[in-house]
Amino acid sequence: MIIICIFTFIIITRETLLKRLSILGSTGSIGVNTLDVVSRFPDRFSIIGLAAGTNLKLLKDQIRAFKPRIVSVLTDTLAMELKRLLPRNCRPEIVYGDEGLSIIASLKEVDMVVSAIVGSAGLNPTFTAVKRGKHIALANKETLVMAGKIIIKEASKQNAKIIPIDSEHSAIFQSLQGHRKKYLKTIILTASGGPFLRYSYKKLASVTPKEALKHPKWKMGKKVTIDSASLMNKGLEVIEAKWLFDITLKKIKVYIHPQSVVHAMVEYIDGSVVAQLSHPDMRGPISYALSYPERMPIELSSLNLLDVGNLSFITPNLKKFPALGLAYRALEDGETMPAVLNAANEVAVGAFLNRKIRFTDIPKIVKKTMDVHNPRKISCLEDVLIANEWARQKAEEIVSHSN
Ligand SMILES: NC(=O)c1ccc[n+]([C@@H]2O[C@H](COP(=O)([O-])OP(=O)(O)OC[C@H]3O[C@@H](n4cnc5c(N)ncnc54)[C@H](OP(=O)(O)O)[C@@H]3O)[C@@H](O)[C@H]2O)c1
């Protein structure tokens with residue numbers, strides 16, 4: 001009898017200690033890194049739901065390794081194909097499309113949802129997860145760029161914590177621990193500057209997608225890599241920081257820091273600056289987001305500043321990289337303008353990757369789209385989705401006229 005009780009106690013304790021996760025975007029760069037972190041701590045996490053887009057080969061391997069109860073793919077055809085690929089004894093429930101994403105985002109037994117779909121497709125499922133009171137490990141910055149106001153409001157209503165995965169925001173989040181918000185003076189986000197930091201504007205006009213996809217420090221998905229090269233990524237991160245840390249635009253600064261070792265800094269009113277430093281490896285911030293407020297012995301390579309030698313910081317050149325300035329403008333205009341900036345940028349990045357426009361056309365298309373938008377008040381998600389759709393169509397038009 002005593003043995004049975006101890007055994008039951010061990011099982012119950014293990015179950016309560018396990019954090020149950022769903023990952024939206026499991027086959028992407030963040031999704032794969034998240035599963036790498038999870039695989040190192042099988043006693044701490046269990047994977048309940050995975051959502052991918054089209055990469056069935058990788059999703060199949062993930063299903064085999066992590067045994068989720070339910071998975072989602074982009075379309076019904078892909079769902080049928082996945083079913084065929086999986087052996088009967090290792091076949092989770094398979095759902096698909098927007099409904100599938102929504103199911104994965106709101107599973108009853110899930111404690112935390114990792115939001116790692118790229119672009120505006122991440123907004124709806126992340127909002128669904130927040131509405132269900134799930135804690136969010138947030139990589140999909142576009143969610144807060146588009147709809148920060150309503151996401152943060154809903155998260156507070158539902159007691160859902162939003163913990164950043166983006167390395168800069170994780171660095172700020174870490175640098176704020178143990179300090180009172182009222183003492184915060186400025187936030188400084190760093191940017192590597194991307195592959196074209198030292199290029200002239202003329203040279204920028206002729207860079208190819210292949211060159212733009214070679215990030216000097218980080219290995220990431222295509223869209224965020226192009227955004228990093230244009231500095232739009234930093235612009236989106238400024239908006240993300242505004243919402244995550246409830247701070248005015250004037251208090252957010254950006255430094256170019258080519259070594260990508262200092263991920264962000266927080267300056268306090270007494271002049272003290274607290275920073276977070278580490279090797280550029282997304283598994284660090286992912287591990288922190290999953291384990292917060294604990295830390296896990298993830299054993300990534302130690303940072304040796306003697307090896308790094310110099311840490312340098314320079315002011316971003318907004319003439320060469322106007323995307324960052326556009327993001328500040330979108331935030332100043334407020335309401336639907338950041339959603340418009342985001343949508344136009346997604347269209348422009350897609351057009352650049354498909355060789356329809358030049359690299360330097362990306363911010364031009366975003367600006368032209370913003371110039372003809374009158375920001376509308378955001379009262380609900382629908383307002384954001386309407387602005388998103390409008391901006392996509394407008395940006396597509398501008399792209400087609402620019403050829
Ligand atoms: N990568 C980084 O180091 C990094 C760092 C900070 C922040 N972030 C942010 O994290 C997010 C993800 O970035 P990433 O680099 O991981 O992107 P990624 O490598 O391109 O992966 C995107 C993921 O989203 C899935 N997906 C795309 N469209 C979808 C749709 N309509 N429905 C369902 N799933 C869809 C993809 O599925 P399939 O591949 O199966 O089609 C893939 O799993 C972005 O918002 C990015 O800004 C990334």
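This is a short chat about how to read a predicted protein model, feature by feature.

Colleague: Before we start, what kind of model is this, and how are residues numbered?

Modeller: This is a predicted model, where local features need pLDDT of at least 70, side-chain atom pairs count only at pLDDT 80 or more, and totals for chains, interfaces and linings use all residues. Residues are numbered from 1 along each chain as its sequence is written, and side-chain values use heavy atoms, with hydrogens and water left out.

Colleague: Okay, how many helices and strands are there?

Modeller: Helices (H or I, at least four residues) and strands (E, at least two) are DSSP runs, numbered from the N terminus. Here the protein chain has 18 helices and 11 strands. Its radius of gyration is 21 Å, close to the 22 Å that the globule rule gives for 403 residues, so the chain is as compact as a globular protein of that length. That radius is taken over C-alpha atoms, and the rule is 2.2 Å times the number of residues to the power 0.38. The C-alpha trace spans about 75 × 55 × 40 Å along its principal axes.

Colleague: What share of the residues is buried?

Modeller: Buried means under 20% relative accessible area, exposed over 50%, and partly exposed in between (1.4 Å probe, protein chains only). In this protein chain, 53% of the 403 residues are buried.

Colleague: And how do I read contacts?

Modeller: A contact means heavy atoms within 4.5 Å. Take the contacts between residues at least 6 apart in sequence: 71% of them join residues at least 24 apart.

Colleague: Can we try one residue? Where is Ile63, and is Ile63 buried or exposed?

Modeller: Ile63 sits in helix α3 (residues 56-66), and its 1% relative accessibility makes it count as buried. Not counting residues up to four places away in sequence, Ile63 touches Pro68, Val71, Leu82, Leu86, Cys90 and Pro92. The C-alpha atoms of Ile63 and Pro92 are 29 residues apart along the chain and separated by 7.9 Å. Cys90, one of those partners, is itself buried at 15% relative accessible area.

Colleague: You mentioned a cysteine. How many disulfides are there?

Modeller: A disulfide is a pair of cysteine sulfur atoms within 2.5 Å. By that rule the count is zero. For another cysteine, look at Cys380, which is partly exposed with a relative accessible area of 35%.

Colleague: What about residues in loops?

Modeller: At 13% relative accessibility, Ala116 counts as buried. Leaving aside neighbours within four places in sequence, Ala116 is in contact with Leu24, Gly25, Ile30, Gly31 and Ala139. Ala116 and Ile30 are 86 residues apart in sequence, yet 6.1 Å apart in space, C-alpha to C-alpha. Another loop residue is Thr360, found between α16 (337-353) and α17 (361-371). Thr360 is buried too, at 5% relative accessible area, and beyond four places in sequence it touches Tyr201, Leu204 and Ala205.

Colleague: Last one: which helix holds Asp383, and what does Asp383 touch?

Modeller: Asp383 is in helix α18 (residues 381-401), and at 22% relative accessibility it counts as partly exposed. Not counting residues up to four places away, Asp383 touches Thr336, Lys377 and Ile378.
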